[in-house]
Amino acid sequence: MGVDALAIPSGDGATKVDVLAFAHRLADFAAPLARHYFRTELPVEAKADASPVTAADRAIESLLRAEIRSVYPDHGILGEEEGGNFERPLTWVIDPIDGTKSFITGMPLFGTLIALVSEGRPIVGVIDMPALGERWCGTGDAAWFGALPARTSDRHLPEARLFATSPDIFVGADAEAFARLSGAVGLRRFGGDCYAYGLLASGHCDLVVEAGLQVYDVMALVPVVEGAGGVMTDWDGRPLTPAFDGRVVAAANAGLHAEALRRLRA
């Protein structure tokens with residue numbers, strides 16, 4: 001069944017192809033605004049959790065919220081900067097600049113994440129990289145890099161290429177578990193934020209393991225990774241829902257995912 005035939009539980013008769021096209025439109029709006037602010041002298045504020053925020057984060061989220069309200073007034077919205085909830089059956093989840101630390105240091109590996117979540121499960125996701133002009137999207141059933149299909153690799157643990165945002169995100173038992181896993185792979189790299197998940201969807205890396213993430217960090221990634229043939233869960237192998245504990249394993253294939261979970265749980 002093609003993506004254009006997949007109805008979603010909305011009262012407006014929308015299909016996945018409708019909302020995916022709209023998610024692309026949102027990314028098209030956000031990208032020039034992100035580029036406008038990128039590598040300029042922006043004041044950086046610290047939020048309550050000590051994470052940085054800039055005028056770019058706020059401006060992009062405000063723009064996307066206004067557009068969503070104008071087109072889908074019955075949908076909910078949850079964003080990193082203005083909050084929200086999942087009280088409505090369909091909720092848009094926005095991370096206006098995923099990788100703000102990269103953004104404020106001039107590193108182009110930041111992205112805008114846009115997802116539509118239905119009854120707690122993400123069904124459409126877009127990973128847009130404004131500074132690079134690259135974009136992944138997915139529906140859980142299929143994924144694309146630009147206009148081309150995206151497909152994960154068939155590598156297993158000994159030759160796997162693993163990414164994590166930073167070793168600092170793993171503390172205590174989590175650090176020990178990550179060390180067990182990362183010591184068993186073929187190559188380990190740090191950094192990249194959401195970009196690593198796009199690379200996984202296109203077969204360039206094979207594992208992304210994280211801790212300490214928020215719901216807006218992950219919802220857009222799941223339909224891309226799974227649509228490309230990968231598996232994305234928490235460290236206990238459960239699907240990622242708004243109630244997840246911040247720990248994520250994204251793997252290129254089911255066998256590699258099972259191997260990674262065994263190492264993390266050992």
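A polar contact is taken here as a pair of N or O atoms within 3.5 Å; within protein, one atom must be able to donate a hydrogen and the other to accept it, and residues adjacent in sequence count only if both atoms are side-chain atoms. The model is predicted, with local features needing pLDDT of at least 70, side-chain atom pairs counting only at pLDDT 80 or more, and totals for chains, interfaces and linings using all residues. Residues are numbered from 1 along each chain as its sequence is written, and side-chain values use heavy atoms, with hydrogens and water left out.

The unreviewed UniProt entry lists E80, D95, I97, D98 and D217 under "binding site". These residues span 138 residues in sequence, yet no two of their C-alpha atoms are more than 9.8 Å apart, so they gather at one spot.

Two of the listed residues can be followed further. D98 lies in strand β5 (residues 90-98), where strands are DSSP runs of E with at least two residues, numbered from the N terminus. With 9% relative accessibility, D98 is buried, a term meaning under 20% relative accessible area (1.4 Å probe, protein chains only). Beyond its neighbours within four places in sequence, D98 is in contact (heavy atoms within 4.5 Å) with F110, G111, L113, D193, C194 and D217.

D217 belongs to helix α6 (residues 215-218), helices being DSSP runs of H or I with at least four residues. D217 is also buried, at a relative accessible area of 14%. When residues up to four places away in sequence are not counted, D217 touches D95, D98 and L113. Its side chain also reaches the backbone nitrogen of Q214, at 2.7 Å.

Terms used. UniProt positions are given in the numbering used here, feature names are shortened, and annotations may be inferred rather than shown by experiment. Buried means under 20% relative accessible area, exposed over 50%, partly exposed in between (1.4 Å probe, protein chains only).
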